[in-house]
Amino acid sequence: MVGKALTNALLTNGYRVIILSRHLNDRPVIANLSYALWNVKEQEIDITALQEADHIIHLAGAGVVDKKWTGAYKKEIVQSRTESSRLIINSLAKNTNKVKTVVNASAVGWYGADTEPLKPFTENDPADTSFLGQTCKLWEQSIEPVTTLGKRLVKFRIGIVLSNDGGALVEFKKPLQFGVAAVLGNGKQVVSWIHIDDLCRLFIAGIENEDLSGSYNAVSPNPVSNKTLTITIAKAEKKFFIPMHVPAFVLQIMMGQRSIEVLKSATVSCKKLLSTGFTFKFNTIEAALKNLTATKDRR
């Protein structure tokens, strides 16, 4: 979802984009867009593509909520991130290249749950001891060696991404087909979110702003509760709805360990990002959903 939106944003901004993929068949022909083969499992990559690049944006990784967290899938979640980082680092180290910047995805799963008194999480807070917290820690550590190769490294800890093309927003909308605004648990848990357009602009800033370095929280300045998010989505859709709480134990039965993240309250600060001069087009959840609804209706 993010990769497709980011590709369009990069092309619109005049960049030439090379997408690393495991599959090259039946790809659309688009100006300034090409595909190159890589195989993380076999640690193979198209060196020519690597040598043509000025910047690398690393988004690869198995979906965190796509499947049940079995032992095998947890291993895949971690290794899909760390092994792809290893492939990039080793390839850069062994081959002449002109790569200046590596922009790496991470997630606000780095942080634990809010505590009282509330203190929004900042980039200086340690990784949580939970599975996702440690996954994010390993993820970020795995890409760190690029700095020893003289590359500027930018890591974005991404919040819940709001997009019409997948992810959380699509899932939140599904119960509305039946007139239900499904509030998860007690609905008080804080959701730190970001509009897909702002996220794409942020990745481009990561390339273009040479002052950016290290970790940044990729979240809007105004996180909201799950209940506020759910009700605002329902109102933006302009459909009849009845707010209905989905009890925590039901989510635990349906989602297993993944329910921990759905029910966790994490208030994440973007002050460090704002201090760099980055501005959000969509500061509030109302503005973000108004735009996404209007965009969807124009399709």
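How far is the sulfur of Cys-200 from the closest cysteine sulfur? The distance is 17 Å, to Cys-270, which is too far for a bond. This is a predicted model: local features need pLDDT of at least 70, side-chain atom pairs count only at pLDDT 80 or more, and totals for chains, interfaces and linings use all residues. Residues are numbered from 1 along each chain as its sequence is written, and side-chain values use heavy atoms, with hydrogens and water left out.

**Overall build**

- The chain has eleven helices and 13 strands. Both are DSSP runs numbered from the N terminus: helices are H or I with at least four residues, strands are E with at least two.
- The radius of gyration is 19 Å, which agrees with the value near 19 Å for a compact globule of 299 residues. It is taken over C-alpha atoms, and the globule rule is 2.2 Å times the number of residues to the power 0.38.
- Along the principal axes, the C-alpha atoms fill a box of roughly 60 × 45 × 40 Å.
- Of the 299 residues, 47% count as buried. Buried means under 20% relative accessible area, exposed over 50%, and partly exposed in between (1.4 Å probe, protein chains only).
- Accessible surface totals about 15,300 Å², and carbon and sulfur atoms hold 54% of that. The areas come from the Shrake-Rupley method with a 1.4 Å probe; for residues, only the protein chains shown count as cover.
- Take the contacts between residues at least 6 apart in sequence: 77% join residues at least 24 apart. A contact means heavy atoms within 4.5 Å.

**Aromatic pairs**

- The whole structure contains five aromatic pairs. Rings of Phe, Tyr and Trp (its six-membered ring) pair if their centres lie within 6.5 Å; planes under 30 degrees apart count as stacked, over 60 as edge-to-face and the rest as tilted.
- Tyr-111 and Phe-121 are stacked, because their ring centres are 5.2 Å apart and their planes meet at 20°. Both residues lie in the loop between strand 5 (101–107) and helix 4 (131–143), so the pair ties together parts ten residues apart in sequence.
- Tyr-111 is buried at 0% relative accessible area. Phe-121 also counts as buried, at 13%.
- Phe-156 and Tyr-216 form a tilted pair, with 6.2 Å centre to centre and 50° between the planes. Phe-156 is in strand 6 (residues 152–158) and Tyr-216 in strand 11 (residues 214–218), so this pair ties together parts 60 residues apart in sequence.
- Phe-156 and Tyr-216 are both buried.

**Charges over rings**

- Lys-74 places its charged end over the ring of Phe-131, 5.0 Å from the centre. The criterion is NZ of Lys or CZ of Arg within 6 Å of the ring centre and within 35 degrees of the ring normal.
- Arg-81 has its charged end over the ring of Trp-139, 4.5 Å from the centre.

**Cysteines**

- The structure holds zero disulfides; the cut-off is a pair of cysteine sulfur atoms within 2.5 Å.
- Cys-136 is in no disulfide, and its nearest cysteine sulfur, in Cys-270, is 18 Å away. Cys-136 is buried, at 2% relative accessible area.
- Cys-200 is buried, with a relative accessible area of 5%.

**Lys-235**

- Lys-235 belongs to helix 7 (residues 226–237). Its relative accessible area is 56%, so Lys-235 is exposed.
- Lys-235 and Glu-286 are 51 residues apart in sequence, but 9.6 Å apart in space, C-alpha to C-alpha.
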